[in-house]
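Open the model in your viewer and keep the selection tool handy.

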Amino acid sequence: MRPSHVLLAVLVAAVWGVNFVVIEIGLGHFPPLLFSALRFLVAAIPAVFLVGRPKVAWKWIVGVGLVLGVAKFGLLFVGMDAGMPAGLSSLVLQIQAVFTALFAFLLLGERPARVRLVGMAVALAGIGVAAVDEGASGPLGAFALVVAAAACWGVSNVLTRRAAPADALNFMVWVSTVPVLPLLALSLLLEGPSRDLEALGALDLSGAGALLYVAWGATVFGFGAWGWLLRRHPASTVAPFSLLVPVFGMSSAALFLGEPVSPLRWCAAALLVGGVALASFGGRDRRTGRGEEPGAGGTGSEAKGPGDAASRPAGRGRLPTGREITSTGAPTGPGTGPADGRQPVPPSR
């Protein structure tokens with residue numbers, strides 16, 4: 001990669017990591033479900049008029065929109081509003097790689113290689129250490145909500161594999177149109193119209209800035225830049241930069257929010273990031289013969305290697321298919337990883 005491309009990849013990871021701090025700030029201005037709804041509304045408009053028509057079937061857009069937008073982000077925002085620290089949230093969400101691999105095995109018949117299983121075990125150990133640390137200093141219920149959000153992210157990654165979008169930004173913008181009304185309805189039902197109207201009436205520059213950052217910075221710029229890099233470099237070159245997200249998340253939370261980082265949390269971070277790295281980039285997965293690979297037009301025997309067209313930059317081979325989309329959601333986020341030449345699904349931050 002050119003130095004400028006490396007800097008862009010690091011910048012995207014930094015934007016996604018700092019996004020958790022901005023979410024924490026935004027939750028001081030909006031109820032969590034309303035904030036999530038507004039995030040998707042601002043991300044979708046006016047971008048939806050600029051990216052062209054959807055390039056995948058509507059059933060996948062609606063499915064991913066409900067699971068990722070309503071369930072994953074709803075749980076994440078509610079969990080953070082209930083007391084889950086921003087830095088720890090950026091770390092715990094990375095367990096989505098384990099959930100994605102589990103759901104890919106159950107639903108797509110992908111049997112993870114042994115090194116990936118080791119990575120998943122290490123990542124789960126990191127979650128256990130983080131739970132012990134949070135149990136000693138914060139609400140375990142909020143911690144559980146963020147873990148549930150990671151599980152929903154895993155489901156959405158599998159659905160995205162089935163959708164096999166050739167244009168990640170186009171897909172994400174159209175997905176962003178789906179959660180707006182369901183989240184608004186949930187906000188009116190659970191948070192109350194008076195609280196929502198009060199938040200909107202008291203909107204100031206800080207709240208508006210947080211909303212614009214999570215919508216245009218983390219979503220539109222983040223996905224656009226990440227997709228641009230993936231079109232020019234092999235996935236195995238780009239995806240490792242995603243492991244910087246919790247590093248930026250925890251450090252920015254400590255710097256701007258004063259969140260303490262205990263020795264146990266550093267230990268959890270080392271285990272989780274190391275485990276996710278093994279689970280994402282170690283070895284090849286095998287198929288269990290449970291039907292055709294979605295979007296590939298063939299069976300799972302057509303595995304792609306680093307020298308195949310799938311691992312080359314766009315313009316030098318055929319467009320990616322469902323077989324070439326990693327189940328880790330790598331960076332979310334996420335299973336199968338880009339080390340075997342498959343294009344990762346960009347995460348939703």
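A crossing is called left-handed if the near helix is turned anticlockwise from the far one by less than a right angle, and right-handed if clockwise. This is a predicted model, in which local features need pLDDT of at least 70 and side-chain atom pairs count only at pLDDT 80 or more, while totals for chains, interfaces and linings use all residues. Residues are numbered from 1 along each chain as its sequence is written, and side-chain values use heavy atoms, leaving out hydrogens and water.

Select α3 and α8 to begin: their crossing is right-handed. The axes (lines fitted to C-alpha atoms over the stretch in contact) come within 8 Å and cross at roughly 65°. The two helices therefore count as roughly perpendicular (65 to 115 degrees).

Now show side chains. W58, W60, I61, V64, G65 and L68 of α3 meet F171, M172, W174 and V175 of α8, with contact meaning heavy atoms within 4.5 Å.

Next, pick K55 and D167, one of two salt bridges in the structure (a side-chain nitrogen of Lys or Arg within 4 Å of a carboxyl oxygen of Asp or Glu). Their closest N and O atoms are 3.4 Å apart. K55 lies in the loop between α2 and α3, D167 in the loop between α7 and α8, 112 residues apart.

Finally, select R161 and E110, whose closest N and O atoms are 1.9 Å apart in a salt bridge. R161 sits in helix α7 and E110 in strand β1, 51 residues apart. Are these two residues buried or exposed? Both R161 and E110 are buried (under 20% relative accessible area, with a 1.4 Å probe and protein chains only).

How values were computed:
Helix = DSSP H or I, 4+ residues; strand = E, 2+ residues; numbered from the N terminus. Buried < 20%, exposed > 50% of the residue type's maximum accessible area, 1.4 Å probe, protein only. Axes fitted to C-alpha atoms, helices over the stretch in contact; angles between N-to-C directions. Parallel < 35°, antiparallel > 145°, perpendicular 65-115°, else oblique.
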